Each structure stands twice: as structure tokens, then as C-alpha cells.
Amino acid sequence: MLSLTGLLLGLCLLIWLTMRGLNLFILAPLCALFVAVTNGIPFWQTTGNADFIHAYMNGFSGFVAAWFLMFLLGSLFGKLMEHSGAADAVALWIVKKLGRAHAVAAVVLACAVLTYGGVSVFVVAFSAYPMAVSLFKDANLPRRFIPAALGLGSVTFTMTSAGSPEIQNWIPIQYLHTSPYAGWEVSIVVAIFMAAFGYAWLSKMIKSAVAQGEVFIGRDSDPQLTDRALPHPMMGLIPLLVVLGLSNWLHHSLQQAALIVALSGGVLALYLLNRRFIQSLDKALNEGVMGSLLAIGNTAAVVGFGAVAKLTPAFTEIVQTMTHLPGPELLGAAVAVSAIAGLTGSASGGQAIALPELAPVYLDRGVDAEELHRVVAISSGALDSLPHNGYVVTTIRAICGETHQQAYWPVAAVTVVVPALGTGLAILLFQWF
């Protein structure tokens with residue numbers, strides 16, 4: 001009981017202090033230390049790794065070692081998309097097709113295209129934010145909903161769908177020996193549901209806020225869309241297709257490494273097609289590197305917290321309880337992955353911690369690997385978006401300049417509740433068909 005209390009208090013402390021604005025690099029290890037102290041985990045010992053220092057740093061460094069190249073290449077790809085104007089060209093093409101009257105739909109669709117094309121969700125938020133500000137300003141919509149619009153297009157129906165080159169769709173491959181297209185039939189139905197329901201809910205929240213008198217309030221620091229020369233939209237779409245094509249062509253032979261090759265190919269194609277539009281290659285590369293370090297650092301910080309939590313007796317009990325829930329086996333897997341992703345504040349981090357424990361259990365019980373892959377991927381994208389999630393913190397604070405108190409609840413609606421409902425739908429469809 002004391003172990004569970006300490007673990008839950010540590011998680012609540014992490015969430016509460018994140019809401020208060022503390023830095024995750026400082027906050028995550030401090031909360032992990034609280035969990036360690038309340039669970040009698042030694043601070044340091046020279047033999048074994050069952051201590052706070054080794055567990056936290058092994059969790060942190062292990063995630064960085066496994067995924068740094070993907071984060072780096074994804075960030076470089078996104079920054080080249082941004083600096084060449086290819087991201088703006090694609091986004092403005094979508095806006096032109098939809099019309100500025102559909103501001104929210106344009107932001108969501110632009111983020112979805114970029115995310116499904118392989119651009120890191122962090123970079124998508126940076127790239128799409130200036131366009132979102134311009135659209136929300138023209139439509140006089142409350143700007144506190146911009147993070148939710150970015151999140152709906154980036155970390156819901158695209159991030160965990162079949163064929164997506166985002167790492168949340170690729171981590172299960174190494175444990176389940178599946179493909180990025182695992183469970184694609186159900187994935188299509190769930191993606192359509194999440195996109196439609198999430199957009200309808202977000203639109204309703206915005207309309208309600210406008211009816212109560214909320215309007216767009218400009219800031220001196222707002223980015224301005226310039227009249228710079230942009231490449232043709234196809235010059236932005238072709239590199240996205242290169243990433244998708246290579247990742248899915250090579251996944252059988254290279255598995256996880258296929259994503260490295262695919263993103264490398266996308267970076268090369270993007271540079272060759274748009275190099276005359278890149279005003280400063282050094283600046284783009286430097287920003288890409290720094291962006292990747294921030295993104296993977298925020299994620300690894302909470303993965304380290306999860307690694308310490310994994311040492312507690314309560315964690316083992318939680319996993320045992322989740323894996324023996326009554327009902328469909330996929331339900332237990334979904335709840336377990338969601339809980340661990342919520343604990344770590346990271347879909348990718350939660351999968352990295354949960355799958356080594358859960359995959360053998362469910363495969364031994366005869367659960368279909370492709371069904372398990374898709375349910376794990378979708379469910380990892382639900383509770384991961386609690387307030388301490390790295391993407392949530394970066395998007396709300398660093399990119400949009402909002403506070404959690406103002407912007408988080410719409411984000412939670414579309415990035416926590418909607419994927420949770422999508423997970424339930426996926427389980428039902430796998431059970432029925």
C-alpha cells in the first residue's frame with residue numbers, strides 16, 4: 001500500500017508541478033527520487049542497477065540510444081521543410097483548397113499531412129503554428145484552442161495509424177515482429193472516427209467559447225506569414241512520399257532501421273528539390289539538431305521517471321492486475337499500455353517500458369500479433385497526453401505561449417479522450433471481425 005501511495009503521489013506531483021510551469025529536466029528526476037524514497041529504493045549502490053541513479057540514467061540514456069537518430073533525422077526533415085518553405089507551401093495549398101472559413105479544419109489537416117509524411121510531431125507544431133495564428137486571427141477564434149488543433153492533427157489519428165512513419169507505430173515491430181501496416185483495416189476505421197469525432201468536439205468547444213464572448217487577442221510576438229517565394233506544393237509532398245515509400249518498402253528487411261533510411265532519403269530528397277529556397281542551411285541544420293535534443297530530452301526525462309517507477313512493487317502489481325483483467329485480452333493490453341504511458345507521460349516511452357513485459361505474455365496467450373500491435377499503438381496515444389507529456393508542455397508553453405490552465409483542457413479532450421474512445425472501438429472491431 002505504501003509503495004502504491006508513493007508511486008501515485010510521485011505521479012500526481014509530476015503532473016501538478018508541470019501544470020505550475022516547472023522544467024521537465026529538473027522535475028522528472030526529482031519526482032522519480034520521491035518515488036524511490038517512498039519505496040525504499042536506494043539512492044546509489046555499487047552492485048546491480050536496482051537503485052535510483054542507475055535506474056533513472058539507464059532509462060534516460062537507453063531511450064536516447066535507441067531513438068536518437070530517428071528524432072534527429074525527423075527534426076532535420078521538419079526544419080528543412082520549414083526553412084525551404086515546403087511546409088508553408090503544403091499548408092497554404094490545403095488552406096486554399098478548404099478556404100479560410102474552415103480555419104480549424106485547415107490547421108488539423110495540414111498537421112495530419114505533415115505528421116503522416118514523417119515529420120516529427122514536435123516539428124509539425126513549430127511549423128504549423130504561424131499558419132494557425134494567421135487563420136485563427138482572420139476567423140477571430142480564441143487562440144487558446146490552437147494547441148488542441150495542432151494536437152488533433154499530429155498526435156491522434158495520424159501518429160498511431162497503420163503505415164505512419166512516426167516511432168509510436170514502429171516501436172511494436174521489434175517486439176511483435178509485425179509491420180507498420182499491422183491491423184490496417186481496423187486502423188482506417190478508427191482513424192476516420194478519431195478525426196471526425198475529434199474535429200466535431202473541438203469545433204463545438206470553440207463555438208461555445210465564441211458564444212461566451214471569447215475572441216482572438218493578438219500579441220506583439222505573433223509570427224507573421226511573409227510573402228517569400230515558396231516552392232510548388234508538390235516539392236513538399238514528394239519528400240513526404242519518399243519517407244512513406246522507403247519506410248514501408250524496407251521494413252521487412254531492416255525493421256527499425258528502415259525508418260532511419262526512410263528519413264535520410266526524405267532529407268536528401270527535400271534538399272535536392274528545394275535547395276534554392278533554403279535561405280540558411282546552417283541555421284536550418286542547427287535548429288534541427290537543437291529541436292531533436294529538446295524533443296528527445298523531454299521524452300527521455302519522463303522515461304527515466306518510468307524506469308524508477310518500474311522498480312517499485314506497486315508497478316509489478318499494476319502490471320499483473322492489468323494483464324489479468326476480465327474480458328478480451330486486448331482490453332488488458334490496452335489498459336496496461338495506457339497506464340504505463342500515462343505514468344511516463346510518453347507514448348513512445350510507455351511502449352518502450354511496457355512491451356518487453358507485455359508482449360511475451362499476450363503472445364503466449366495466443367493473441368494475434370497484428371491486432372496487439374495496433375491496439376498498443378493507439379492506446380499508447382491516450383493517457384500519454386497528460387499535462388507532463390513532453391509534446392504537451394512544448395506545444396502549449398514554448399510554441400503557443402499559453403498556460404496549461406487556459407489551453408490544456410481542450411488538448412485533453414482531443415488527445416486523451418478521443419484516442420481512448422478510438423482504442424475501445426479498435427478492440428470491438430477486432431473482436432467482431
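**α12 and α15.** I looked up this helix pair first: the axes of α12 (residues 281-309) and α15 (residues 347-364) come within 9 Å and cross at roughly 35°. Axes here are lines fitted to C-alpha atoms, for helices over the stretch in contact, with angles from 0 to 180 degrees between N-to-C directions. Helices are DSSP runs (H or I, at least four residues), numbered from the N terminus. This is a predicted model, where local features need pLDDT of at least 70 and side-chain atom pairs count only at pLDDT 80 or more, while totals for chains, interfaces and linings use all residues. Residues are numbered from 1 along each chain, and side-chain values use heavy atoms, leaving out hydrogens and water.

**Who touches whom.** I found Thr-299, Val-303, Gly-306 and Ala-307 of α12 meeting Ser-348, Gly-349 and Ile-353 of α15 (contact: heavy atoms within 4.5 Å).

**α3.** I checked the length of α3 (residues 52-84): its 33 residues should span 48 Å at 1.5 Å a residue, and the end C-alpha atoms are 45 Å apart, which agrees. The expected span is 1.5 Å times one less than the number of residues. I also noted a bend of about 60° at Trp-67, the angle between axes fitted to the seven residues ending there and the seven starting there.

**Ends of α3.** Asp-51 caps the N-terminal end, with a side-chain oxygen 3.2 Å from the backbone nitrogen of Ile-53. After α3 comes Gly-85, with a positive phi near 85°.

**Trp-44.** I located Trp-44 in the loop between α2 (24-38) and α3. Leaving aside neighbours within four places in sequence, Trp-44 contacts Asp-51, Ile-53 and His-54. Its C-alpha atom is 50 Å from that of Ile-206, 162 residues apart along the chain.

How values were computed. Helix = DSSP H or I, 4+ residues; strand = E, 2+ residues; numbered from the N terminus. Polar contact = N/O pair within 3.5 Å; in protein donor to acceptor, adjacent residues only side chain to side chain.
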